[in-house]
Amino acid sequence: MPPQRLILILAIVAVLIGAAVLWQKRRGPAPAQIATTALPAPAWKLKDLDGHEIRSDQFKGKVVVLDFWATWCGPCVEEIPGYVAMQKKYGPRGLVIVGVSMDSKGPAHVKQFALTNGMNYTLVMGDEDVVEAFGNFQAIPTTFLISREGRILNQKTGAAPPEEYEKLVKWALD
């Protein structure tokens, strides 16, 4: 076999292997892989917009979408209609969406925003302790999908198309 042909074949094989690795990384782990490697979600307690304490253990047996967001965050606001629709559609199947507001203007500001935007899910006021408990993430929106058993199945930073995130939520509910 001529050396040029061998080099061409090796180059093609290297490109195919590289493409397969990139495709797998982009695709992410398979659901079964996620479930077996999921870490326990930290326990937390925060105040809702009326000042009542909400605790993570209230949601045992539910699939929880814990979304850290703020009223001033464009990508956060973009995700709200998708979360409203998912809460309405999957709430009866055991989905609970909890929006953790990182707003510094306080609960009255967030409450008015929630009313204006038809937010039909639990809203609490976040603090640095809960951010630290969830790994000191640096950007919002940051969202955690938590299993019925209290394990983190997925963490995403940034907005995602609602139809894509809904697929992951449906998988967690089944």
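Setting aside neighbours within four places in sequence, A41 is in contact (heavy atoms within 4.5 Å) with I146, G150, R151 and I152. The model is a predicted one, in which local features need pLDDT of at least 70, side-chain atom pairs count only at pLDDT 80 or more, and totals for chains, interfaces and linings use all residues. Residues are numbered from 1 along each chain as its sequence is written, and side-chain values use heavy atoms, with hydrogens and water left out.

A41 sits in the loop between β1 and β2; helices (H or I, at least four residues) and strands (E, at least two) are DSSP runs, numbered from the N terminus. The relative accessible area of A41 is 22%, so this residue is partly exposed, a class that lies between buried (under 20% relative accessible area) and exposed (over 50%), with a 1.4 Å probe and protein chains only. A41 and E149 are 108 residues apart along the chain, and their C-alpha atoms are separated by 9.3 Å.

P42 belongs to the loop between β1 (39–40) and β2 (45–48). Apart from neighbours within four places in sequence, P42 is in contact with S56, A133, F134 and I152.

I152, a contact of both A41 and P42, lies in strand β8 (residues 151–157). Not counting residues up to four places away in sequence, I152 touches A38, L39, P40, A41, P42, F134, F144, L145 and I146. The C-alpha atoms of I152 and V64 are separated by 9.3 Å, and the two residues are 88 apart along the chain.

The loop between α5 (128–133) and β7 (142–146) holds P141. A cis peptide bond, with omega about 0°, joins I140 and P141. N136 is in the loop between α5 and β7 as well. Phi of N136 is near 55°, a positive value in a residue other than glycine. N136 has a relative accessible area of 39% and is therefore partly exposed.

Next comes a pair of helices. Helix α3 (residues 74–90) and helix α6 (residues 162–173) pack at an angle of about 30°, with axes 11 Å apart; the axes are lines fitted to C-alpha atoms, for helices over the stretch in contact, and angles run from 0 to 180 degrees between N-to-C directions. The two helices are therefore roughly parallel to each other, a label for angles under 35 degrees. Their crossing is right-handed, meaning that the near helix is turned clockwise from the far one by less than a right angle. On α3 the contact is made by G82, Y83, M86, K89 and Y90, and on α6 by P162, Y165, E166, V169, K170 and L173. By class, this contact has seven nonpolar, one polar and three charged residues; Ala, Val, Leu, Ile, Met, Phe, Trp, Tyr, Cys and Pro count as nonpolar, Asp, Glu, Lys and Arg as charged, and the others, Gly among them, as polar.

For the protein chain as a whole, there are six helices and eight strands, which run α-α-β-β-β-β-α-β-α-β-α-β-β-α from the N terminus on. Of its 174 residues, 38% are buried. Among contacts between residues at least 6 apart in sequence, 70% join residues at least 24 apart. The accessible surface, from the Shrake-Rupley method with a 1.4 Å probe, comes to about 10,300 Å², of which 60% belongs to carbon and sulfur atoms.

Terms used:
Angles under 35 degrees count as roughly parallel, over 145 as roughly antiparallel, 65 to 115 as roughly perpendicular and the rest as oblique.
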